[in-house]
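Please keep the sequence and the model in view.

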Amino acid sequence: MHLYIHVPFCRSKCLYCAFLSWGYDPDLVSAYVPAVCEEIRYWGQALGRPETATVYFGGGTPSLLGLADLESILRTVRDHFAVSPEAECSLEANPDSCCAAGYLEQLPGLGINRLSLGLQSLDDADLAFLRRRHTAEQGQEACRLARKAGFDNLSVDILWALPGQDEAKWRSELRALKGLGVRHVSAYALSIEPGTDLEKLDESGRINWPGEDDQARMYLQGLECLQAMGLAQYEISNFAGPGYACAHNIGYWQGRDYLGVGPSAVSCIGSRRWKNPSDILAYCASPVQEARFLYSAGLSLREQANELIMLGLRTVQGVSLAAYTGLSGEDLLAGHEDLIAGLEARNLIAVDQERLRLTPQGMLVSDSLIPCFFH
Ligand code: SF4
């Protein structure tokens with residue numbers, strides 16, 4: 001299984017962000033840490049000290065947690081889960097909150113062996129537009145410090161399809177990543193999420209978005225540039241050097257069990273799925289609620305089979321036809337012959353004896369393609 005720990009604090013809200021986060025408040029952190037430890041203890045005991053292949057601190061801004069808090073959470077994890085010494089243990093960090101003297105240097109000693117930095121851009125004007133709290137230089141410095149602190153497994157998040165961004169600018173952004181020693185890149189197109197300030201700004205009609213054709217070219221050029229840097233695509237938005245693909249996210253895409261702890265975290269174990277309360281005060285007041293597990297609805301076989309398609313088609317390997325048949329008792333391709341022939345002719349999908357997968361061109365339109373295969 002895989003263990004996700006949601007750390008729901010941020011110093012301020014970025015323009016585009018729809019993730020659950022609360023303004024950083026030391027009192028709230030003091031309530032959160034024991035609550036999340038209690039939840040970890042509970043599940044470790046309820047599930048019989050299960051083995052976890054990965055531990056992932058996501059957020060929010062996990063690097064807002066002090067070293068003592070991280071240590072206390074990780075100690076609780078080790079006390080109640082079987083974590084192998086080779087387990088991938090990731091921490092998401094923002095450049096403005098991880099560069100204090102000694103912070104990055106001490107993370108490896110706590111067992112954190114993968115750092116995922118929220119760089120988002122290497123252009124000061126874009127960073128200001130996105131309401132990020134760091135500059136391009138601070139982002140680069142955070143990468144240098146992370147490498148110096150011993151983080152070989154260093155990942156960065158970067159946004160593309162930004163207002164005013166063209167192909168040349170996107171390419172130069174990616175080139176700037178070259179010297180930073182990153183082993184993994186998550187590159188997401190900036191999208192408008194409901195309820196965000198970006199949505200309001202977009203409604204005002206004042207945003208100069210790149211056109212659809214420009215975005216398609218930027219996506220394909222991004223693949224080429226990252227490939228040339230030795231970072232191969234393994235999922236729609238994720239690229240890694242050999243051996244540096246994120247084991248935690250691969251676990252999600254391969255449909256393995258995962259336990260999410262913390263406010264709003266989602267868990268999926270067997271056919272059972274549940275979500276923690278989003279409200280941090282409600283969560284801290286009752287981090288463990290047996291009813292969540294006992295009464296949450298199980299997924300039907302149909303839902304599980306469609307999820308296998310949805311997750312598998314996000315990856316470069318695609319979905320295993322045998323796994324689909326094993327789960328649903330049906331042939332994934334049956335009834336889709338005309339659709340498949342049409343999509344193959346347009347170079348959007350590829351099918352062989354074992355797998356169905358999206359081509360790079362297909363990944364560009366994955367949101368509309370994937371549901372076509374649901375039964
Ligand atoms: S730092 Fe990340 S989680 Fe926090 S507001 Fe910005 S994008 Fe959202």
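**Basis.** This is a predicted model, in which local features need pLDDT of at least 70, side-chain atom pairs count only at pLDDT 80 or more, and totals for chains, interfaces and linings use all residues. Residues are numbered from 1 along each chain as its sequence is written.

**Overall fold.** The protein chain holds 17 helices and 16 strands. These are DSSP runs numbered from the N terminus: helices are H or I with at least four residues, strands are E with at least two. The radius of gyration is 21 Å, close to the 21 Å from the globule rule for 375 residues, so the chain is as compact as a globular protein of that length. That radius is taken over C-alpha atoms, and the rule is 2.2 Å times the number of residues to the power 0.38. The C-alpha trace spans about 55 × 50 × 40 Å along its principal axes. Of the 375 residues, 39% count as buried. Buried means 20 or more other C-beta atoms within 10 Å of the residue's own, exposed means 12 or fewer, and partly exposed lies in between, with C-beta atoms placed from the backbone. Among contacts between residues at least 6 apart in sequence, 73% join residues at least 24 apart. A contact needs C-beta atoms, placed from the backbone, within 7 Å.

**Domains.** The chain is divided into domain 1 (2-252) and domain 2 (301-373). The bounds come from an automatic or database domain assignment. Their centres, taken over C-alpha atoms, are 29 Å apart. Nine residues of domain 1 are in contact with eight residues of domain 2. On the domain 1 side, α9 (212-228) and β9 (232-235) are the elements that give two or more residues. The largest share, four residues, comes from α9.

**Ligand shell.** The residues around the ligand are C10, K13, C14, C17, F19, S21, G59, G60, T61, N94 and G118. Ala, Val, Leu, Ile, Met, Phe, Trp, Tyr, Cys and Pro count as nonpolar, Asp, Glu, Lys and Arg as charged, and the others, Gly among them, as polar.

| Region | Residues by class |
|---|---|
| Side of domain 1 that touches domain 2 | seven nonpolar, one polar and one charged residues |
| Shell around the ligand | four nonpolar, six polar and one charged residues |

M1 sits in the segment before β1 (2-7). M1 counts as partly exposed because it has 18 C-beta neighbours inside 10 Å. Beyond its neighbours within four places in sequence, M1 is in contact with P50, T52, R256, D257, Y258 and L259. Two of these, Y258 and L259, belong to strand β11 (residues 258-261). Y258 and G260 point one way from β11, L259 and V261 the other way, and all are buried. β1 and β11 pair in the parallel sense over four bridges. Pairing requires at least two DSSP bridges between the strands. I5 has V261 in β11 as its bridge partner.

**Open sheet.** Three strands form an open sheet in the order β14-β16-β15, with antiparallel pairing. β14 (319-320) and β15 (349-351) stand at the edges with a single partner strand each, so one side of each lacks a neighbour in the sheet. Three bridges join β15 to β16 (residues 355-358). A350 stands opposite R357 in β16.

Methods: Two residues are in contact if their C-beta atoms, placed from the backbone, lie within 7 Å. A residue is near a molecule or strand if its C-beta atom, placed from the backbone, lies within 6 Å of it.
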